[in-house]
Amino acid sequence: MIRTIRYIRRYDRLTPLLLAGVMAVAGCDFNVQNPGAILESDLNTIEAVNAIVTGMSSDFSEEYDGTAFVIARASDDMAGSGSYNTTNFYRMGIIQAEDVDGIWEGVQRARWVAEDGIRRLRDDIEGYAFDGNRLTARAYLFAGLSNRVIGESFCFGVVSASAPLGGGNETAQPNSEAFQRALNLLQSAVTQATSAGDDDLLMAARGGRAQAYVGLGDWTNAVAEAAQVPTDFVYEAIYSDNSGRENNEMWEETHQREEMSAFDTYIASFDPPDPRAPYTNCPQTMTCNVSGADGITPYWRQEKYPDRGSNIPVVKGTEMRLIEAEAALRNNDMVGGMNKMNEVRDFFELADLTATTMDEAWVHLDHERHLTLWLEGRRMHDLRRWDEENRGILPGVQFLRGELPLADDNLDPSISKRAACIPVSFSECLSNKNLTGTSACQ
């Protein structure tokens, strides 16, 4: 999302009497005529291309922070400290379909806008040089990353890997379909970025493919892609203080409200805070409200996003090193895994870690991914995949199973473990007839 220009109307600060005089002098005509709706076909012009791709970025950012906000409260990233009914349910391990309509619809909109925008750029805009264009590469990047978010965050998708651009309304699809769709689109982003000579887009697409390969459990290809992304690389979802739609929701819910707190989390065990997970202990410093919006939980405010225009990382080189570390541990290479983790720690100027057993190395990996990807909407996917592999030694899996509760957590007695993914929304279940009677909508 490109930072937009703020327009200041000339008459905003004039009194009504002076304003009337100004208008009279200007000879204003008070007759207003509706120019009519803008036709979709009006977008099929080369002058609209930049705006179309900017819209893709905007829609991606608009819901990326909302997804991260849900995942932070529903995982062990943060403790719930607010009064939203959703926060209370999330802390008990429950995510209800009727509570995630906005998140589901926003992410699906980001996916559709990017995919259909690619189709428009390719098929409908005369004179647009589609191949080798940086804007084409950027469009494919947002389409691929949107599908990666769906694969990591939601229990099911509704678009198969082979569906045409902008497809939707299919029956419930496994996460592997979203990851494969992401891989296909991100490979096109790699091709176009390479041709356009844009290294940033190329590295972002490579990193996105590494993430998607992790989702598929293809560690060989995940490492191959991750190895091409330098440790200091970061690609971000862009936010701004220009308008409410552009604000970072994570900032709003922690600096304007006290809806979630780092109190009694793994993050809070660091004093001073780990540089990857900065927080303010409000009761200790007395620089912010001492309790959360619930009036009970001590408020430890996140400082990773210190203002409403703070960007959220989407692809990072430090994560790529941790992908390499996990792949090494899966190959029983403890030394190689620890070396990759320490590359990340060296980057943040932290002391190296050591491990004498594979279990200890795996716990280090859990902690390192937790810290490195904190509040980036990534934690839930780690908990889900490790739980499915029955890695019960990991703190994240223990949290999911209710064996490592936070202070304000009360796992609902009717469930065996906390939700590890966001369900298909109630609105999708109502509108998509292909989901009727399926397990995705029960």
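Author: Let us begin with one side chain: that of N175 reaches the backbone oxygen of F154 at 2.6 Å. The model is a predicted one, in which local features need pLDDT of at least 70 and side-chain atom pairs count only at pLDDT 80 or more, while totals for chains, interfaces and linings use all residues. Residues are numbered from 1 along each chain as its sequence is written, and side-chain values use heavy atoms, with hydrogens and water left out.

Reader: What makes the link between the side chains of N175 and R384 a polar contact?

Author: A polar contact is a pair of N or O atoms within 3.5 Å; within protein, one must be able to donate a hydrogen and the other to accept it, and residues adjacent in sequence count only if both atoms are side-chain atoms. The side chains of N175 and R384 are joined at 3.3 Å, and this is a polar contact.

Reader: Why does N175 count as buried?

Author: Buried means under 20% relative accessible area, exposed over 50%, and partly exposed in between (1.4 Å probe, protein chains only). N175 has a relative accessibility of 13%, so N175 counts as buried.

Reader: Which residues does N175 touch, not counting those up to four places away in sequence?

Author: With contact taken as heavy atoms within 4.5 Å, N175 touches I150, G151, F154, C155 and R384.

Reader: What makes C155 and C421 a disulfide?

Author: A disulfide is a pair of cysteine sulfur atoms within 2.5 Å. The sulfur atoms of C155 and C421 are 2.0 Å apart, and the two form a disulfide.

Reader: Why is the disulfide of C155 and C421 called right-handed?

Author: The torsion about its S-S bond is about 95°, so the disulfide of C155 and C421 is right-handed. By contrast, the link of C282 and C288 has -95° about the S-S bond and is left-handed.

Reader: How many disulfides does the structure hold?

Author: The structure holds three. Besides the pair already discussed, a disulfide joins C282 to C288, with 1.9 Å from S to S, and another is formed by C429 and C441, whose sulfur atoms are 2.0 Å apart.

Reader: Is C441 buried, exposed or partly exposed, and why?

Author: C441 has 26% relative accessibility and therefore counts as partly exposed.
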